[in-house]
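Please consult the sequence and the structure shown here before reading on.

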Amino acid sequence: MSNVLVLNAGSSSLKYQLVDPETGEASAKGLIERVGTDKGHLKHESGDHKDERDVEVPDHSAAVTVMQDAMERGGTPLTPDSVIAVGHRVVHGGRNFTEPTLIDDGVESEIDRVAVLAPLHNPAGLAGIRSARKVFPDLPHVAVFDTAFFSDLPAAAATYAIDRDLAREHAIRRYGFHGTSHEYVSQQVSSLLGRDDLKQIVLHLGNGASISAVDSGRAVETSMGLTPLEGLVMGTRSGDLDPGILLHLSRVADLDTQGLDDLLNKKSGIYGLGGHRDFRDLKQAKDDGDEAATLAFDVYVHRLVKYVGAYAAVLGGLDAITFTAGVGENSPTIRAAALEQLGFLGVRLDEQKNSSRDGGARRIDDGAGRVAVLVVPTNEEWAIARHAAEVAVR
Ligand code: ADP
């Protein structure tokens, strides 16, 4: 069997899957948490075989070795016969990486250089790449960038209205993130509806949340920007705010760069407003009558509605709206609350289909409106595996 090993290295974690790029089937997958400590934890499964235990993982290299051992024990050893490539998720591709890229030493250095734009994310991805290249030196390694799908945004959408020389010098533009998911989901919608000329809006609502406008397969707008902080209200991130607030807080609240970073990335969003970062807990609190949670919910929904309206205008029409990721796939309440206000666009939800627990890709509109509404489970690992396999056999 020719599988792709997909690696997603976070600052203190390593997620992995062994994926058949043709079918998307994962023969093994796992998560190693608390990487960087001697009190790490492994959760691994391949078929019926489950392996959960504490592990010592002082760094990402140790985590890759733990994964290799877990694969061996589970009956899916990682050998050049069974694995055709390693696909690495890399968050930021900067200006130069606009497509999945075969990794060599030069590419590694360039990803390192781009880390200045994504200090919270790229160093971890790079640690994963370096460790895996050492353990599997004979396999092709492919970097798949979260920003790539948006590298072709129209200039008017990608450009911030600040001094253009300063912006050029520091590579400041809208890059967008979750691109692998937006690309995968919009392609699924095209094949489900049997049309490649669709005007689509995709809502990726997880802990991080972003929305994109896709016209005939090309991304023309997206809500995340230079960093994954812009746009929608998220679990702990603020999304859009008046940049003047940062200037004001730095003057009156004694917040330095690190303090502002913590505030916007870790203490804002539904957590900052409503005290819960998990959407299920927020909804429970709202249902129990908690006023702060209710306001957090309303702010979240208001932002969604505002973006969908704006993106319908940017697209000059709308054929499909699709929900994906943790909240988008699992919360009929959020879907209904957002769509309730979009009837004027020709959106008509079928309440029964919306509430159904069916986990697959499906339509949830009533068929009588102008806009198809869908839920499509995202599958970034499969998308990464497909890209890596394509690049590896070139
Ligand atoms: P990440 O951005 O970390 O990949 P996910 O896409 O896995 O996140 O989404 C995680 C979020 O999905 C959780 O914080 C939780 O709020 C939300 N979620 C998961 N299941 C449900 C559910 N049944 N109802 C509402 N929200 C859910």
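In which strand is the place of His 141? The place of His 141 is in strand β8, where helices (H or I, at least four residues) and strands (E, at least two) are DSSP runs numbered from the N terminus. The model is a predicted one, in which local features need pLDDT of at least 70 and side-chain atom pairs count only at pLDDT 80 or more, while totals for chains, interfaces and linings use all residues. Residues are numbered from 1 along each chain as its sequence is written, and side-chain values use heavy atoms, with hydrogens and water left out.

A polar atom of the His 141 side chain lies 3.0 Å from the backbone oxygen of Phe 136. Such a polar contact is a pair of N or O atoms within 3.5 Å; within protein, one must be able to donate a hydrogen and the other to accept it, and residues adjacent in sequence count only if both atoms are side-chain atoms.

Rings of Phe, Tyr and Trp (its six-membered ring) pair if their centres lie within 6.5 Å; planes under 30 degrees apart count as stacked, over 60 as edge-to-face and the rest as tilted. The count by this rule is 6 aromatic pairs. The ring centres of Phe 97 and Phe 145 are 4.5 Å apart and their planes are at 10°, so this pair is stacked. Because Phe 97 lies in the loop between β6 (83-90) and β7 (101-102) and Phe 145 in strand β8 (residues 141-145), the pair ties together parts that are 48 residues apart in sequence. Both Phe 97 and Phe 145 are buried.

Phe 279, Phe 297 and Tyr 300 are linked by ring pairs into a cluster. The charged end of Lys 286 sits over the ring of Phe 297, 4.6 Å from its centre. The charged end of Arg 277 likewise sits over the ring of Tyr 271, at 4.4 Å from its centre. For this, NZ of Lys or CZ of Arg must be within 6 Å of the ring centre and within 35 degrees of the ring normal.

**The ligand shell**

The residues around the ligand are Gly 206, Asn 207, Gly 208, Asp 278, Phe 279, Arg 280, Ala 325, Gly 326, Val 327, Asn 330 and Ser 331.

| Residue | Atom in the residue | Distance to a ligand oxygen atom |
|---|---|---|
| Asn 207 | polar side-chain atom | 2.7 Å |
| Phe 279 | backbone N or O atom | 2.6 Å |
| Gly 326 | backbone N or O atom | 2.9 Å |

Taken alone, the ligand exposes 580 Å², of which the protein buries 68%; accessible areas come from the Shrake-Rupley method with a 1.4 Å probe, and for residues only the protein chains shown count as cover. Two or more residues of the shell are given by each of α10 (279-287) and α12 (325-330). The largest share, 4 residues, comes from α12. By class, the shell has 3 nonpolar, 6 polar and 2 charged residues, with Ala, Val, Leu, Ile, Met, Phe, Trp, Tyr, Cys and Pro counted as nonpolar, Asp, Glu, Lys and Arg as charged, and the others, Gly among them, as polar.

**Backbone features**

Most residues other than glycine have a negative phi. Arg 34, although not a glycine, has a positive phi of about 55°. Arg 34 lies in the loop between β3 (26-33) and β4 (37-46) and, at 43% relative accessibility, counts as partly exposed. Ala 171 also has a positive phi, near 55°, and is found in the loop between α5 (164-169) and α6 (179-193). With a relative accessible area of 12%, Ala 171 is buried.

At the start of helix α7 (residues 243-252), a side-chain oxygen of Asp 242 reaches to within 2.7 Å of the backbone nitrogen of Gly 244. Just after α7, Asp 254 takes a positive phi of about 55°.

Technical notes: Buried means under 20% relative accessible area, exposed over 50%, partly exposed in between (1.4 Å probe, protein chains only). A residue is near a molecule or strand if one of its heavy atoms lies within 4 Å of it.
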